[in-house]
Amino acid sequence: MDLTKRDVREITMSKYFNKKTVPYWIIAVLVILIAIILAVHFKANSSSQTTTTTVKTSNSSEKASSSTKKYVAGKDYKITYSNTNLIDKATIQKGLKASYLTDINDLMNTDQQTGSNMAKIEVYYNKDKNLLVERLFKNGYKDNQPTQTVGYDLQKQSMNLDKTFGNDYLNQPLVYTWEKLTK
């Protein structure tokens, strides 16, 4: 079998990747990279949104809630601040952020692998110990028993994971409640 130079080139060079198709491959790779960058950018922006306690309910916001999977305060979840004369909202938010409890999408996510699957969060303020105690209730909790109780030491600005007991929050003022309204 006698092979010419042209035959060798045809055998070694794929019909999908040759001098004519190289610009198309470069464009395809660039489009994929741009799509990945945009996806990461939009994901980062959606997780850093803040919520407010004032809620406007209208038919258009309800439709947006169900069609875009963006959760709406007052329809999908409810946030209540109380006893704000004892501790300010910014301090409460600081403790919640340290506990990774400020991302509404994560709190509402019922996937056990990627979401928090929360039904309710209660935060108590222990002024004597300068401690925020967070009682976390996952979906399916019973008899008002939390799934987990954690603390945030305001003075040390650190989590107090294994040293939080009932006496740290019993008879202490409730300062924050987050509650899932949709089932």
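Predicted model: local features only at pLDDT ≥ 70, side-chain atom pairs only at ≥ 80, totals over all residues.
Q: What counts as a salt bridge, and how many does the structure hold?

A: The term covers a side-chain nitrogen of Lys or Arg within 4 Å of a carboxyl oxygen of Asp or Glu. The structure holds four salt bridges.

Q: Which residue meets Lys 75 in a salt bridge?

A: The partner is Asp 76, with an N to O distance of 3.9 Å. That pair counts because the distance lies within 4 Å.

Q: Is Asp 76 buried or exposed?

A: Buried means under 20% relative accessible area. Asp 76 has 4% relative accessibility, so Asp 76 counts as buried. Lys 75, at 31%, counts as partly exposed.

Q: Where in the chain do Arg 135 and Glu 122 lie?

A: Arg 135 forms a salt bridge with Glu 122, and their closest N and O atoms are 3.2 Å apart. The pair links distant parts of the chain: Arg 135 belongs to strand S3 and Glu 122 to strand S2, 13 residues apart. Both Arg 135 and Glu 122 are buried.

Q: Which residues are linked in a network of salt bridges?

A: The network joins Lys 120, Glu 122 and Arg 135.

Q: What is the N to O distance between Asp 168 and Lys 129?

A: Their side chains meet in a salt bridge at 2.5 Å. Asp 168 sits in the loop between strands S5 and S6, and Lys 129 in the loop between S2 and S3, 39 residues apart. Asp 168 is buried, with a relative accessible area of 1%, whereas Lys 129 is partly exposed, with 47%.

Terms used: Residues numbered from 1 in each chain as written. Heavy atoms only, no water. Buried < 20%, exposed > 50% of the residue type's maximum accessible area, 1.4 Å probe, protein only. Helix = DSSP H or I, 4+ residues; strand = E, 2+ residues; numbered from the N terminus.
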